Amino acid sequence: MRHAVTALALALAGTLITANAATIGLMAPLSGPQALVGQDQVDGFMLALEQLGGKLGGQPASVLKEDDQLKPETGQQIVRKFIDKDKVDAIVGLSFSNVLMGSLPRLAESGTVAIATNAGPSPIAGAQCKANVFSVAWQNDGAAEAMGTFAQERGVKRVYLMAPNYQAGKDMLAGFKRFFKGEVIGETYTQVNQADYAAELAQLQAAKPDAVFVFYPGGMGVNFVKQMGQAGLSAKLPLYSVFTVDGTTLPSLREAAAGTISGAMWDAALDTPGNRKFVTAFEAKYKRTPSEYAATGYDAANLLDAALRKLGGKSGDAKALAAAVKAAGSEFSSVRGPFRFNNNNLPVQNYYAFEAAKDNGKLAVRQIGTPLKAHADAYHGQCPLK
């Protein structure tokens with residue numbers, strides 16, 4: 001496990017951190033097949049913090065970065081360290097749904113503010129919601145619900161579904177089916193971080209659906225989309241996806257992504273003033289186009305800044321900070337457009353449809369619809385929080 005400490009504005013200059021300084025634990029998968037997903041979250045957060053002068057709520061901020069390796073047991077160790085040893089004021093990132101769920105008991109027990117920048121598993125959206133646990137990203141089903149709606153509007157009758165076999169994969173397919181009213185003729189769950197999809201693609205081809213819907217983030221998405229093209233399926237089978245064709249995978253996919261349709265709450269192509277500013281700054285600093293993971297990391301830093309400003313920069317009271325984060329959700333300016341926290345501390349936000357297509361010989365992504373506006377997840381009614 002790699003451990004690195006970044007202390008902007010003060011530690012780099014060797015100056016002691018004041019009593020009101022905020023300490024943030026930032027946890028993400030920074031090695032292995034999903035490292036590009038984790039790195040974008042870190043880079044988005046750190047870009048926002050740099051733009052804020054290394055401060056949150058007007059006070060100096062230090063960031064402790066850890067690699068959870070996409071392992072729940074490693075994530076639990078890091079969360080315990082952040083809370084018990086480092087005494088952080090907030091934990092950001094929290095990896096994938098399986099890692100977040102593994103750490104949920106300790107997070108709830110401690111009361112430490114936790115802000116997920118990737119995961120939004122259905123249990124914490126419903127009966128297991130916690131007053132101190134937030135997702136500034138999405139409830140897992142949301143983007144898939146948007147794709148189910150969009151496929152329905154496009155007149156798709158028969159669809160085949162695929163996802164990795166863990167909580168988020170199950171949530172994604174459940175979300176698609178909730179809004180798609182046609183026939184699901186196949187539903188396949190594959191191993192997490194599986195590299196070869198030849199057997200599953202043969203099953204997909206034999207089923208002869210009108211379209212396929214998949215959820216394969218990071219390296220899994222690169223392998224799946226490329227292998228789908230190599231099998232000759234891309235040219236004849238429409239591909240609807242979430243977290244599969246995005247800023248983390250497009251550099252590797254290139255022309256292989258042409259024709260794919262993706263559902264997301266954000267894309268670099270989204271045309272809002274705040275987003276244009278963010279994308280330009282990110283590309284200038286990191287020499288690559290940001291993904292939705294970078295956007296949520298960026299939003300998380302600005303959300304914390306807004307929350308701490310409400311507290312006059314004082315971060316020591318975990319309960320007060322959680323209340324301030326909840327209130328700041330509807331006040332800070334998100335790069336995705338309209339945003340607020342629902343009663344379960346998960347977003348109410350728009351979900352858009354984007355298409356990757358060739359434009360003058362170059363691959364470009366464009367927004368082609370907004371299937372769901374100000375969308376609340378299906379589980380918030382089960383959450384006892386008000």
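Arg254 is exposed, with a relative accessible area of 57%. The words used here are buried for under 20% relative accessible area, exposed for over 50%, and partly exposed for what lies in between, computed with a 1.4 Å probe on protein chains only. The phi angle of Arg254 is near 50°, a positive value in a residue other than glycine.

Before going on, please note that this is a predicted model, in which local features need pLDDT of at least 70 and side-chain atom pairs count only at pLDDT 80 or more, while totals for chains, interfaces and linings use all residues. Residues are numbered from 1 along each chain as its sequence is written, and side-chain values use heavy atoms, with hydrogens and water left out.

## Another positive phi: Gln69

Gln69 also has a positive phi, near 60°, and is a residue other than glycine. You will find Gln69 in the loop between strand E4 (59–67) and helix H2 (72–85). Is Gln69 buried, partly exposed or exposed? With a relative accessible area of 25%, Gln69 is partly exposed.

## The annotated domain

An unreviewed UniProt entry carries the annotation "domain: Leucine-binding protein" for residues 23–358. UniProt positions follow the numbering used here, feature names are shortened, and annotations may be inferred rather than shown by experiment.

## The disulfide

A disulfide is a covalent bond between the sulfur atoms of two cysteines. Here the term is applied to a pair of cysteine sulfur atoms within 2.5 Å. How many disulfides does a search of the whole structure find? The search finds one. Its partners are Cys129 and Cys383, with sulfur atoms 2.1 Å apart.

Cys129 lies in the loop between helix H4 (122–125) and strand E7 (133–135), and Cys383 lies in the segment after strand E15 (362–375), so the pair ties together parts that are 254 residues apart in sequence. The torsion about the S-S bond of Cys129 and Cys383 is about 90°, so this disulfide is right-handed. Cys129 and Cys383 are both buried.

## A buried strand residue: Ala116

Ala116 belongs to strand E6 (residues 113–116). This residue is buried, with a relative accessible area of 0%. Leaving out residues up to four places away in sequence, Ala116 touches Gly93, Leu94, Leu100, Phe134, Ser135, Val136 and Ala137. A contact means heavy atoms within 4.5 Å. Val37 is 79 residues away from Ala116 along the chain, and their C-alpha atoms are separated by 13 Å.

Grid points are joined across faces, edges and corners, and a volume is the space filled by probe spheres set on the points.

The largest pocket holds about 320 Å³ of space. Its lining has 24 residues, and Asp246, Gly247, Leu250, Asp267 and Val365 lie nearest the centre. By class, this lining has 13 nonpolar, six polar and five charged residues. Nonpolar covers Ala, Val, Leu, Ile, Met, Phe, Trp, Tyr, Cys and Pro, charged covers Asp, Glu, Lys and Arg, and the others, Gly among them, count as polar. The second largest pocket has about 190 Å³ of space. Helix H1 (35–51), helix H10 (273–286) and helix H11 (292–310) each supply at least two residues of its lining.

## Enclosed cavities

The count comes to two cavities of 30 Å³ or more. The largest cavity has a volume of about 90 Å³. It is lined by 13 residues, with Asn118, Trp138, Tyr166, Ala168 and Phe215 closest to the centre. This lining divides into 10 nonpolar, three polar and no charged residues.

How values were computed: Helix = DSSP H or I, 4+ residues; strand = E, 2+ residues; numbered from the N terminus. 1 Å grid on protein atoms, 1.4 Å probe; cavity = no way out; pocket = protein on both sides within 12 Å on 5 of 7 lines; lining within 4 Å.
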